[in-house]
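Colleague: I'm new to this one, could you walk me through it? Please put it up on the screen first.

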Amino acid sequence: MDLNFTPAEELFRREVRDFLESKLPPEIAYKTKIGQGLSKTEVEHWQAILSARGWLAPHWPVEYGGAGWSVVERFIYEQEAALAHAPAPIAFGLHMLAPVLIKYGSEEQKRYWLGRMLRGEDWWCQGYSEPGAGSDLANVKTTALRDGDDYVINGQKTWTTLAQHANMIFVLARTKKSEKRQDGISFLLVDMTSPGVEVRPIITLDGDHEINEVFFTDVRTPVSNLIGEENKGWTYAKYLLTYERTSMAGIGASTAAMRSLKEIAAEESKGGRPLSEDPLFAARLARAEIELENLRTTAMRVVASAARGEAPGPESSMLKIRGTELRQDISALATRALGPYAHPFLVGAHERGDNAPPIGPPAAPAVTPTYLNLRKLTIFGGSNEIQRNIISKAILRL
Ligand SMILES: Cc1cc2nc3c(=O)[nH]c(=O)nc-3n(C[C@H](O)[C@H](O)[C@H](O)COP(=O)(O)OP(=O)(O)OC[C@H]3O[C@@H](n4cnc5c(N)ncnc54)[C@H](O)[C@@H]3O)c2cc1C
């Protein structure tokens, strides 16, 4: 296994850096750097810039608008984008639904929905979880009953990220009662503007409105919006989850957060010296950095095997656990580094459009909301306890 980048890959890195330097709007990069959310318009603007360059969905097959990058080139792009503080495109359509459409959708569905994603015509959200169906996803109770050329949907989804912006949702719904709970679930696409869809906000610990409850009362969606076969949705749902998890190591995000943390540690002082020279804090920084380097090597190992055509196995669970815990550790160190400046909890500092003058350095107001917000990482995409179960079964054979 050769973990060094080839000259061609280094050339590609230069191309990516040039693009980011010239095309990433500085105000978007700044907000991303200090942890402030972006407005819907800003997200769409950046995604349109990526789309114009052909880099919005680089991982798709070229025939549907992908960039034809190797796995290593994708890895390089993600690193450089995070270091430049480029926001990651919203994953629900591009990274979750798209692979399902590409593998299981009809040609007509692929052409129609993938084209709309590239042109920024739809904002997708994920309708998997329900009260009582999170880790135990097969327990979904939402029903979709066939009525002529439509399905009629009734039920409730929850924790639905950014549903307030979405015009489309992909839904797991029960189309048949079955002894085995995994049978009888179907994968449906639903227009959020249909009569009977109601979105109610859930305000999280950091004071932000990122997630929602979504209620369906006699919502009609055409049968043409069924993906794959009726009652076979569990297979497609699981396939989507492997894509959700493999993108969760967040090495780019941790690298960027580490860089910001070092800047804070160099600027803040303790006992008349920069905090970064304090032996205890320096040791904590070093430990996080070593963890990050370990994670990077493991990720490169996974990337190298994927480049040989091998599907990522349970090591993606390992990456998810270590990657999410590390991001949480770095955010905890940032609150520690800022000391009293991390205390004023300005609800809204993390939110789009907030322009209240900061208390302390510019990075300070978003540090505590970010710390609180990142608690989610070890819960969603399959909680870390569930990932540990996967490792104990698949690797340790327990
Ligand atoms: C911020 C945020 C955004 C989200 N966005 C979305 C979204 O857009 N769309 C969507 O569909 N879902 C979303 N989710 C839901 C997420 O997928 C679920 O929260 C997650 O799957 C856990 O399910 P649950 O919340 O029902 O917890 P539960 O499944 O009830 O779990 C509660 C606790 O028990 C543990 N546990 C459960 N079963 C086991 C077991 N067998 N072994 C060991 N421990 C176990 C869990 O690890 C957890 O700690 C989001 C969640 C969060 C926090």
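This is a predicted model: local features need pLDDT of at least 70, side-chain atom pairs count only at pLDDT 80 or more; totals for chains, interfaces and linings use all residues.

Colleague: Okay, which residues come nearest to the ligand?
Modeller: There are 17 residues around the ligand, and Ser 135, Trp 159, Thr 161, Ser 383 and Glu 385 come nearest; a residue counts as near if one of its heavy atoms lies within 4 Å.

Colleague: And what does helix H12 give to that shell?
Modeller: Helix H12, residues 384-394, supplies three residues, the largest share of the shell; helices here are DSSP runs of H or I with at least four residues, strands are runs of E with at least two, and both are numbered from the N terminus.

Colleague: Which polar atoms lie by the ligand's nitrogen atoms?
Modeller: A polar backbone atom of Trp 159 is 2.7 Å from a ligand nitrogen, a backbone N or O atom of Gln 126 lies 2.8 Å from a ligand nitrogen, and Asn 389 places a polar side-chain atom 3.0 Å from a nitrogen of the ligand. On its own the ligand has 970 Å² of accessible area (Shrake-Rupley method, 1.4 Å probe), of which the protein covers 66%.

Colleague: Switching topic, how much space lies in the second largest pocket?
Modeller: It holds about 240 Å³, the volume being the space filled by probe spheres set on grid points that are joined across faces, edges and corners. A pocket is an open set of points on a 1 Å grid over the protein atoms alone, where a 1.4 Å probe fits, with protein on both sides within 12 Å along at least five of seven lines, and lining residues have an atom within 4 Å of a point.

Colleague: Which helix gives the most to that lining?
Modeller: H3 does, with five residues, and the lining has 16 residues in total, with Gln 47 and Leu 56 among those nearest the pocket's centre.

Colleague: Last one, what is phi for Asn 231?
Modeller: Phi of Asn 231 is near 70°, a positive value in a residue other than glycine. Most residues other than glycine have a negative phi. Asn 231 is found in the loop between strand S8 (226-227) and helix H7 (233-246), and Asn 231 is buried at 18% relative accessible area, where buried means under 20% with a 1.4 Å probe and protein chains only.

Notes. Residues are numbered from 1 along each chain as its sequence is written. Side-chain values use heavy atoms; hydrogens and water are left out. A polar contact is a pair of N or O atoms within 3.5 Å; within protein, one must be able to donate a hydrogen and the other to accept it, and residues adjacent in sequence count only if both atoms are side-chain atoms. Buried means under 20% relative accessible area, exposed over 50%, partly exposed in between (1.4 Å probe, protein chains only).
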